[in-house]
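Please read these points with the model open beside you. They go through a few local features one at a time.

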Amino acid sequence: MKHVIIGTAGHVDHGKTMLIKALTGLETDRLCEEKKRGITIDLGFAHIEFPDHTQAGIIDVPGHEKFIKNMLSGAGGIDLAMLVVAADEGFMPQTVEHLDILSLLGIRDGVVVITKTDMVEPDWVDIIREDVADHVANTFLEGKPVVAVSSYTGEGIEELREILRQQVAQVAVRNEQIPFRLPVDRVFSKDGFGTVVTGTMIEGNLSVGDTVEVMPSGETAKVRTLQVHNNSVPRACAGQRAAVNLAGLHKTQLQRGDVLSKPGSLRETLMLDVKLTNLKHSGRTIRTGSPVHFYHGARTLLCKAVLLDRDALEPGQSCYAQLRMTEPLCAKRGDRFVIRFFSPLETIGGGIILDDCPVRHKRYQQDVLQVLQIRENGSDDQLLVQSVEEYGFALPSLQQLAQKRNCTEAEMLSAMTDLVNSGHVLEILPQRYLAASLYRKACNDVITVLAEYHKANPLHSGMKIAEVRQKAFRKTDAKDADAILCAMVAGGTVTEIASRYALPDFRVVLTKKQNLLRQRILQQYAAAGREVPFVEDLYQGFSPNERDDCKKVLENLASCGELVMLTPQLFYHKDVYEEVCTLTRDFFAEHPSFTLAEYRDLLSTSRKYALAILEYFDKNKITKKVDDIRTVIGTL
């Protein structure tokens, strides 16, 4: 299932919180001080559900300059941005700063929302549109939708909601199979629960009962409960806002900026090798050795920027640099960050992490600069990822990859571990791998296949596993395809019910008449026991105008596992079938080979029913028939 975070950005008092309330009906100001002052001080959260039942989380980040660090901690998990500009003021200094921050953090899609249109004349809104176009030129919002709304009158809200729905549908499925990571932006305790932290799951998925490591302290705890959108859930996935109730830790052992992670998946460091960019209109020169404020996830700390190929970085320039921290930090290669000037506090730049645990470098070392250039371009990793991609869905083994790359298995294991931790490759089975790009493609293909199936078969609980495999994984070994599908189930992309797959949001909706028929049919099959009627005989017990619905309901019961289809004409109630299986297991233990007559006597039923059950077992490779003898080859 796709999980998307939408984030607001913009100047203070431009109507972000009221806009979210108009879209969702939820109030994101949660602190008394926020309500008193009418501004958002800390992060607020809401969620929006669209008519097609897709959902997205919304982060309301503060706009006031004094609270910019809270804005930064929220922006790190955003997929789509809503840049808010008030019609009565237009672009303001913090609007520009927020847009710069969103760009530095790698956000690539969104919408501009002009609020408070009820406070100005229509002609003025047109002027503000032109102002917006000038300011977003050459940014990721150039050419994106611009919607004028009033949160008070409702004007433009439905248009904005539809644009957000379209953009949410286009967001790529996140890689939920890599080790989980959740930057902590709030820590508190709750009576009867204990310590609770909140944050955005930026990678992987986290389940109740999992062990988490709190970095950089190294403390460990168990997940007691999880909440997403104020609902208790068994698992939280990448792209979701989550509240995590931790067992075994006091709230004083955690702080904002910590990271919950899979034990052993993150490294502590005091240095980072980065590609550093000075914003073109920052108005500041970054000199080597300059102290700066460093923002990563929800963490803020001081560091020294050591420029590796020059003495000064002018506005609009980029270079390789080493950031030397005053406190331990946990990050990953590929993470984005923002820096602010030491004093006064102004956003001046940011960039991307190239090495999350480097050695201390001397300046002007060509070999160091060459290595960083390779890391930036991804040359070494890209070649290895390409090697994995060449196998498609065949899930190459560690040994195969080591032979292909002419290296030892130990060297390949180290390289693959880094790629798995960085999210470029997935370990679908132990030491068998799939490129993340192919996994995302497979997720989108399966989602498309299931969406089409649900539309064509609205009363089926899902699509048969074999059919999904055949349509989404043609020419792929069944075991490999099933392993990839299991990963999708674990990641929440699809759900499994009664040997069928479905989209998580799909629900079967029966009419009142069909619900009554469903109850009658279930009662008849339960009462019939092993001597069930053939389907055509069953239909005779219903009036002619009920038979079409009767057929649909029968298909629904089989698809959701309430009935087991032995043949197209014979169905068993699930409880009766389980009773037959219990008898059969004991029988198989003493009769590894047997005849139809022997099995018929076991069930005390007629030959046609015993034969239907055995042919069902043959089809599912539980038994194998040779002449008149059946041999047990599988397990029930």
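**Notes on the model**

1. Gln 514 is found in helix α14, residues 512–528; helices (H or I, at least four residues) and strands (E, at least two) are DSSP runs, numbered from the N terminus. This is a predicted model, in which local features need pLDDT of at least 70 and side-chain atom pairs count only at pLDDT 80 or more, while totals for chains, interfaces and linings use all residues. Residues are numbered from 1 along each chain as its sequence is written, and side-chain values use heavy atoms, with hydrogens and water left out.

2. Is Gln 514 buried or exposed? Gln 514 counts as buried because its relative accessibility is 7%; buried means under 20% relative accessible area, exposed over 50%, and partly exposed in between (1.4 Å probe, protein chains only). Its side chain makes a polar contact of 3.0 Å with the side chain of Asp 549. A polar contact is a pair of N or O atoms within 3.5 Å; within protein, one must be able to donate a hydrogen and the other to accept it, and residues adjacent in sequence count only if both atoms are side-chain atoms. Not counting residues up to four places away in sequence, Gln 514 touches Leu 459, Val 509, Asp 549, Lys 552 and Val 553, where contact means heavy atoms within 4.5 Å.

3. Val 385 is in helix α8, residues 379–390. With a relative accessible area of 12%, Val 385 is buried. Leaving aside neighbours within four places in sequence, Val 385 is in contact with Leu 419, His 424 and Val 425. The C-alpha atoms of Val 385 and Tyr 433 are separated by 10.0 Å, and these two residues are 48 residues apart along the chain.

4. Helix α9 (residues 398–405) and helix α10 (residues 409–422) have axes that come within 9 Å and cross at roughly 105 degrees. This makes α9 roughly perpendicular to α10. On the α9 side the contact is made by Leu 398, Gln 399, Leu 401, Ala 402 and Arg 405, and on the α10 side by Glu 409, Met 412, Leu 413 and Met 416. By class, the contact has 6 nonpolar, 1 polar and 2 charged residues. Axes are lines fitted to C-alpha atoms, for helices over the stretch in contact, and angles run from 0 to 180 degrees between N-to-C directions. Angles under 35 degrees count as roughly parallel, over 145 as roughly antiparallel, 65 to 115 as roughly perpendicular and the rest as oblique. Ala, Val, Leu, Ile, Met, Phe, Trp, Tyr, Cys and Pro count as nonpolar, Asp, Glu, Lys and Arg as charged, and the others, Gly among them, as polar.

5. How many disulfides does a search of the whole structure find? The search finds 0, a disulfide being a pair of cysteine sulfur atoms within 2.5 Å. The cysteine sulfur closest to that of Cys 319 belongs to Cys 303 and is 13 Å away, too far for a bond. Cys 319 is buried, at a relative accessible area of 1%.

6. A cis peptide bond joins Met 215 and Pro 216, with omega about 15 degrees. Pro 216 is in the loop between β10 (211–215) and β11 (219–228). Another cis peptide bond joins Ser 343 and Pro 344, with omega about 0 degrees. Pro 344 lies in the loop between β22 (336–341) and β23 (347–355).
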